[in-house]
Amino acid sequence: MSIGAVLEQLRGDFPDVTISKIRFLESEGLVTPARTASGYRRFSVADCERLRFVLTAQRDHYLPLKVIKEQLESIDSGGAAVATLHPPRALSIAPGLVSPEAFRSGREVRVTRADLCERVGVEDAFVTQLIRAGLIAPGASGFFDEDAVTVATTVRDMAGFGLEVRHLRAFKAAADREAGLVAQIASPVARGRDAGARDRAEEIVRELAALSVTLHSCLVKGAVRDSLDG
């Protein structure tokens, strides 16, 4: 099959898959299609199923590419049979999983300031405090997104414990530092001239961001536990 035919095979189950994504997975060594004399890729049915395995592991089980590659190498060497993916293990730090997919840009949602106040159940002055503290910010068109709604709701709930908005600036500063570290790693990759460099950089950002959130949550959990034990 050509890469376009593979894309059509996969798109029914994976609507977000693109030719660039397939090329990126190839560049990472997760699939190695044959090449014609003129250099065109030719994928076998096994190649297509291999891609399906990779995409499923990413989407449904939140496995990083390194782990997926190790699993495939084990299968290739005869050390393991083609695996049935086990159900994802929920983290103990919070309900659900910290997934790289959570950092994928979705459909843009435009929330007005009035809608934000109504949905969160706060006064306009509270939104002003959030903006001044740098916790949320309207886009260029003046609208907020769904993340702003989540932040506002979370800060509102934390305020119920006596925390003021100004106390939470440290969270924003920590998030900015973590994002800066991720950018330092991903930016050189994005500037690469090879095909799929941009996709590879975005994949790195999502995976590192998810790992960063997990690490941050575990560290906070440990520190809180230590303070209670002390």
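Two residues are in contact when heavy atoms of theirs lie within 4.5 Å. By that rule, and leaving aside neighbours within four places in sequence, aspartate 199 is in contact with Thr18, Ser20, Lys21 and Phe24. The model described here is predicted. The chain has 230 residues, and 28% of them count as buried. Its secondary structure consists of nine helices and two strands.

**Overall layout**

- Read from the N terminus, the elements follow the order α-α-β-β-α-α-α-α-α-α-α.
- Of the contacts between residues at least 6 apart in sequence, 58% join residues at least 24 apart.
- The accessible surface of the chain is about 14300 Å², and carbon and sulfur atoms account for 56% of that surface.

**Helix α2 and what covers it**

- Helix α2 spans residues 19–27, and its buried residues are Lys21, Ile22, Phe24, Leu25 and Glu26.
- Several elements cover these buried residues, including the helices α1 (3–11), α3 (45–61), α4 (65–76) and α9 (197–229).
- Both strands, β1 (34–35) and β2 (41–42), are also among the elements that cover the buried residues of α2.
- After α2 comes glycine 29, which has a positive phi, near 80°.

**Aspartate 199**

- Aspartate 199 is placed in helix α9.
- Aspartate 199 is buried but has no salt bridge.
- The nearest side chain of opposite charge to aspartate 199 is that of arginine 206, 6.7 Å away.
- A polar atom of the aspartate 199 side chain lies 3.4 Å from the backbone nitrogen of lysine 21. Lysine 21 is one of the buried residues of α2, and it is also one of the contacts of aspartate 199.

**Salt bridges**

- The count of salt bridges comes to twelve.
- Glutamate 203 and arginine 206 form a salt bridge through their side chains, at 3.1 Å from N to O. Both residues are buried. They are three residues apart in helix α9, so about one helical turn separates them.
- Residues three or four places apart in an α-helix point the same way, because the helix has 3.6 residues a turn.
- Glutamate 49 and arginine 52 form another salt bridge, with their closest N and O atoms 3.6 Å apart. Both of these residues lie in helix α3, three residues apart, which is about one turn of the helix. Glutamate 49 has a relative accessibility of 42%, so it counts as partly exposed.
- Glutamate 146 and arginine 119 form a salt bridge as well, with the closest N and O atoms 2.9 Å apart. This pair links distant parts of the chain: glutamate 146 is in helix α7 (residues 146–159) and arginine 119 is in helix α5 (residues 113–120), 27 residues apart.
- Glutamate 146 is partly exposed because its relative accessibility is 32%. Arginine 119 also counts as partly exposed, because its relative accessible area is 47%.

**Nonpolar cores**

- The largest nonpolar core has 21 residues, and those with the most contacts inside it are Leu10, Ile22, Leu25, Leu51 and Ile68.
- Each of the helices α1, α2, α3 and α4 supplies at least two residues of this core. Helix α3 gives the most, with six residues.
- Another core lies apart from this one and has 18 residues, including Val122, Val149, Val155 and Val165.
- Isoleucine 68 belongs to the largest core. Neighbours within four places in sequence aside, isoleucine 68 is in contact with Leu30, Phe53, Val54, Ala57, Gln58 and Leu63.

**A residue in a loop**

- Leucine 163 is found in the loop between α7 and α8 (169–190).
- Leucine 163 has a relative accessibility of 36%, so it counts as partly exposed.
- With neighbours within four places in sequence left aside, leucine 163 is in contact with Met158 and Leu168.

Conventions: Residues numbered from 1 in each chain as written. Predicted model: local features only at pLDDT ≥ 70, side-chain atom pairs only at ≥ 80, totals over all residues. Heavy atoms only, no water. Helix = DSSP H or I, 4+ residues; strand = E, 2+ residues; numbered from the N terminus. Buried < 20%, exposed > 50% of the residue type's maximum accessible area, 1.4 Å probe, protein only. Areas by Shrake-Rupley, 256 points an atom, 1.4 Å probe, with all protein chains shown as cover. Salt bridge = Lys/Arg side-chain N within 4 Å of Asp/Glu carboxyl O. Core = buried A, V, L, I, M, F, W, Y, C linked by side-chain atoms within 4.5 Å. Lys, Arg positive; Asp, Glu negative; His and termini not counted. Polar contact = N/O pair within 3.5 Å; in protein donor to acceptor, adjacent residues only side chain to side chain.
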